[in-house]
Structures are given as C-alpha cells and as structure tokens.
Amino acid sequence: MATERALRKQRKREERARRRASRRPSILVQEFWNLPNMLTLGRILLIPVFVWLTYDADPLHSLLAGLVFAVAAITDVIDGYLARRWNLITVVGKFMDPLADKLIAMAALVMMVRLGRIAAWVVIVLLAREFIVTGLRTIAASEGMVIAAGQEGKWKTSLQLVGIISLCVHYVHPLDMGFRVVTVDYNQVGKVLVYLSGAFSVWSAVVYFRAFLNMLARRGSTDPDAKSV
C-alpha cells in the first residue's frame, strides 16, 4: 500500500511538472523579454548606483554620477528607437519607459537638493508639472482622448537632462574646445539649464491644460445628447 501511494504521488508530481512545462508564458512575460524593455529595466537598476555616487560629493564621484545619468539618458533614446524600428512597442514598455524616466529624474533632482546644488522650489515646480501632466493624460486616456506632446515639452526634457548632468558634475573643470581650453563652472551651467527647463515646464503644462480643455469643449459640442440651454 505504501509503495502504491508513493507511486501515485510520483505520477501526480510528474503530471504537474508536464503541465507546467507545456504551459505558455503569459502575454506580459512574453512582452517583457525584449531588448528595449531590458534597456529600460537597466535604467531603473542604475538609480541605486546613481544615488550611491551622489552621497560622496567629491569631484570623482560627481563626475561618475554625471556619467551614469548620461548613460541612462542615452539608453532612453536607444530603447525608444529600437522599439519603433523593430515594432516592439508593448504594454510593458509603455508602462516602464515613462516610469524609468521619471524615477531617475526625480532621484537626481532630490539628490541635487540634498547636496545644495539647486534650489528646492525649482524641483517642486518640475515635479508638480510632471504630476499635473500625468494626471491630465490619464484622465484624457480614460475618456478616449490623446494629448500629443508639444515641442515645448521636448525642449523641457532636453534642457532638464543636460542641466541635471551638469549639476551632477558640479565642479569647475577645464574644457578643451579644440582651438582653446576654457574653464567651465558646471554647477552654474546646470542651474541655468534647469531654470530654463522649469520655464518650459510651466509653459508645457499650460499648453497641455489648454489642449485638454479644448478637447473637452469639442467633445461636448459634438455630443448628440447635449441639450442647448
């Protein structure tokens, strides 16, 4: 009897193992394993490395922190290009890509405030803009509307990324221009660029809000159930 029970248990385990082996992975798992999504995941994994480097604010660690952030910014461009070129735009990628961008930018801005390299109010403005625009886009998507990104938002992103890299480097370093060597105060350069990105952030938020209101107005005017007063 004991031998029969052991054999039945063994057969059941083998059957469960066969079912697990024959089971296809879920759609989300299949979408996750591609190069663009792996690059996006790599950006997220770089955040602890970046934060660790910015705890030691000496010139070497500051330079390395700027390099890590630059690598993250470059991979953001590469994974988007590969996803479009190889037709690998997935639900997982649509979720992870903007999340990775916001997480590393937020971590960088918070660490720059901690080090006293940028004023806290600028970071508050930048983060508030992200929350406002994300909220508007979420509401619009739930209503079946799409708010396209404007040129001012792209300028904001470009200025912010270069500004954060400059703030990370922070110290005064010589820069070889080819025809002459100039001394650059990277903290001052970063502040100017981040301040400019703050202005573009406010502008793009206003543009997003106006576009959202216009879309609501157009939808309301074409609503067949709408009644004139």
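## Axes and angles first

Helix axes here are lines fitted to C-alpha atoms over the stretch in contact, and the angles between N-to-C directions run from 0 to 180 degrees. With that in hand, take H3 and H5: their axes come within 9 Å and cross at roughly 10 degrees. Angles under 35 degrees count as roughly parallel, and H3 and H5 are therefore roughly parallel to each other. Sorted by class, the contact of H3 with H5 holds 15 nonpolar, 4 polar and 4 charged residues.

All of this comes from a predicted model, so treat the numbers as computed from that model.

## Overall layout

The protein chain has 8 helices and 2 strands. Reading from the N terminus, the order of elements is α-α-α-α-α-α-α-β-β-α. The chain is 229 residues long, and 33% of them are buried.

## H3 against H4

Now for another partner of H3. Helix H3 covers residues 35-55 and helix H4 covers residues 59-85; their axes come within 9 Å and cross at roughly 165 degrees. The cut-off for roughly antiparallel is over 145 degrees, and H3 and H4 are therefore roughly antiparallel to each other. As for handedness, H3 passes H4 in a left-handed crossing.

## The nonpolar core

The largest nonpolar core has 21 residues. Which of them touch the most other members? They are Phe-50, Phe-69, Met-112, Ile-118, Ile-164, Cys-168 and Val-194.

On the helix side, at least two residues of this core come from each of H3, H4, H5 (91-114), H6 and H7. The largest share belongs to H5, with 6 residues.

## Aromatic pairs

The ring-pair count comes to 4. One of the stacked pairs is Trp-121 with Tyr-195, at 6.1 Å centre to centre and 10 degrees between the planes. This pair ties together distant parts of the chain: Trp-121 is in helix H6 (residues 120-142) and Tyr-195 is in helix H8 (residues 186-221), 74 residues apart. Are the two residues buried or exposed? Trp-121 has 56% relative accessibility, so Trp-121 counts as exposed. Tyr-195 sits at 37% relative accessibility and so counts as partly exposed.

Next come Trp-155 and Phe-200, with ring centres 6.4 Å apart and planes at 25 degrees, so this pair is stacked too. Trp-155 counts as partly exposed because its relative accessibility is 47%. Phe-200 comes out at 21%, so Phe-200 is partly exposed as well; the cut-off for buried is under 20%. Ring pairs also bring in Trp-203, making a cluster of Trp-155, Phe-200 and Trp-203.

Leu-126 is found in helix H6. Its relative accessibility is 2%, so Leu-126 counts as buried. How far apart are Leu-126 and Gly-198 in sequence and in space? They are 72 residues apart along the chain, with 6.0 Å from C-alpha to C-alpha.

Conventions. Residues numbered from 1 in each chain as written. Predicted model: local features only at pLDDT ≥ 70, side-chain atom pairs only at ≥ 80, totals over all residues. Heavy atoms only, no water. Helix = DSSP H or I, 4+ residues; strand = E, 2+ residues; numbered from the N terminus. Parallel < 35°, antiparallel > 145°, perpendicular 65-115°, else oblique. Left-handed = near helix turned anticlockwise from the far one by under 90°. Phe/Tyr/Trp six-rings, centres within 6.5 Å; stacked < 30°, edge-to-face > 60°. Buried < 20%, exposed > 50% of the residue type's maximum accessible area, 1.4 Å probe, protein only. Core = buried A, V, L, I, M, F, W, Y, C linked by side-chain atoms within 4.5 Å. Nonpolar A, V, L, I, M, F, W, Y, C, P; charged D, E, K, R; others polar.
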